[in-house]
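The sequence and the structure are shown first.

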Amino acid sequence: MTFKKGALLFVLVIGIQTVNAQFRAYSNEFLNIGAGARGLSMAGAQVASVSDGTAGYWNPAGLSAVKDQPQLNLMHAEYFAGIGKYDFASIVIPSTKKNRVIGLSLLRFAVDDIPNTIFLVEADGTINFSNIQTFSSADYAFLFSYSQEKKINENKIFRYGGNAKIIHRSAGQFAKAWGFGFDAGVQLIGKKWRIGAVARDVTTTFNAWSFSLTERMREVFYVTNNEVPVKSTELTAPRLILGGAYEFGLGENLSLLTELNVDVSFDGRRNTVIASDFASVDPRIGVELGWKDAFFVRAGINNFQKALDDNDDTNTEKVWIYQPAVGAGFKISNVQIDYAFTNLANQSNPLYTHVFSLKLDLKKKN
């Protein structure tokens, strides 16, 4: 590895462009991974049907379905044999009138042991591996949620809610960012059907980056013709997610919930089913088979993309691909444990992993 490539790798790991307040594609992408094994096993098709503490992530309107007691949700997932870790936790507290709910959610994505190769090559051109040090990159999001519901008639309920979110991102001691944004969502609940919509980063979300580089680092960047990072602001474009769900009765003890979501992003052309410079549309489909509201089997597909056909020798033909997810869950009294085998990446290269989550209804003392 040359001196220039070593310094360039460091810049790429930080993953920051020193631009002046402009939208970036895939900005704050860690916020698009998901929350809870139930939602992940249904490929993220949750906007209309979510009704537990993970709604603070999927659609804050769904939080008002938590009525009788506070609820705790926990989830953990790992990338690359534990190098990257993703965690979600939430606490939901309903009001005494059972029509208003407040919630607090925390998301954390961290990658450890990232090589810092800036000083890999000495001034005389020799390689000195002892100069390689490691650092960690961590992204945090704190979501403060509010939700309320209103009964329209005996068969319809309207729910609405919003998030105020604070974002903190860091790459070792070299770069840090603080930002904030807002989400808003609604749900209309019928006897068998549900409709939902959520606008993420509705007022745009910004990250203000600052950098702490030593003079020696700046000198290396200058000598190797790499741009020296300066303070910058990164904007996340709004995203609209629409969804509809329907529950089929399959007998006295069985039910089948199906949901379709349409994810519309506005940060540039993406490799999706419908793509343009203005907006890109990505569908998600999920199903959940439930038995006595105690045992569940789930599946879903998402991330429809065009990719090169492996069977094409010319390396020019493309075919449609998608990424599946499966999972299961069981509920005993006030405890529910869910499992998902799903892809955590949002790009064309799949990154499948095992995900477990816990939902606990905190029963009040008599």
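The model is predicted. Of the 366 residues of the chain, 47% count as buried. The secondary structure consists of four helices and 18 strands. When contacts between residues at least 6 apart in sequence are considered, 59% of them join residues at least 24 apart.

**Paired strands**

Strand β11 takes part in two antiparallel pairings, one with β8 and one with β12. The table sets out both.

| Strand | Partner strand | Sense | Bridges |
|---|---|---|---|
| β8 (residues 193-200) | β11 (residues 239-249) | antiparallel | eight bridges |
| β11 | β12 (residues 254-265) | antiparallel | eleven bridges |

Tryptophan 193 stands opposite tyrosine 246 of β11, while arginine 239 has serine 265 in β12 as its bridge partner. The strands β11 and β12 form a hairpin with four residues between them, in which glycine 251 takes a positive phi near 140 degrees. In a regular strand, side chains alternate between the two faces of the sheet.

**Glycine 56**

Glycine 56 lies in helix α3, which covers residues 55-58. Is this residue buried or exposed? Glycine 56 counts as buried because its relative accessibility is 0%, and the cut-off for buried is under 20%. Leaving aside residues up to four places away in sequence, glycine 56 touches Leu63, Ser105, Leu143, Ser145 and Asn163. Serine 147 is 91 residues from glycine 56 in sequence, and the C-alpha to C-alpha separation of the two is 9.1 Å.

**Asparagine 207**

Asparagine 207 belongs to strand β9, residues 205-211. This asparagine also counts as buried, because its relative accessibility is 0%. Which side chain makes a polar contact with the side chain of asparagine 207? The partner is the side chain of asparagine 28, at 2.7 Å.

Definitions and conventions: Residues are numbered from 1 along each chain as its sequence is written. This is a predicted model: local features need pLDDT of at least 70, side-chain atom pairs count only at pLDDT 80 or more; totals for chains, interfaces and linings use all residues. Side-chain values use heavy atoms; hydrogens and water are left out. Buried means under 20% relative accessible area, exposed over 50%, partly exposed in between (1.4 Å probe, protein chains only). Contact means heavy atoms within 4.5 Å. Two strands pair if DSSP finds at least two bridges between them. A polar contact is a pair of N or O atoms within 3.5 Å; within protein, one must be able to donate a hydrogen and the other to accept it, and residues adjacent in sequence count only if both atoms are side-chain atoms.
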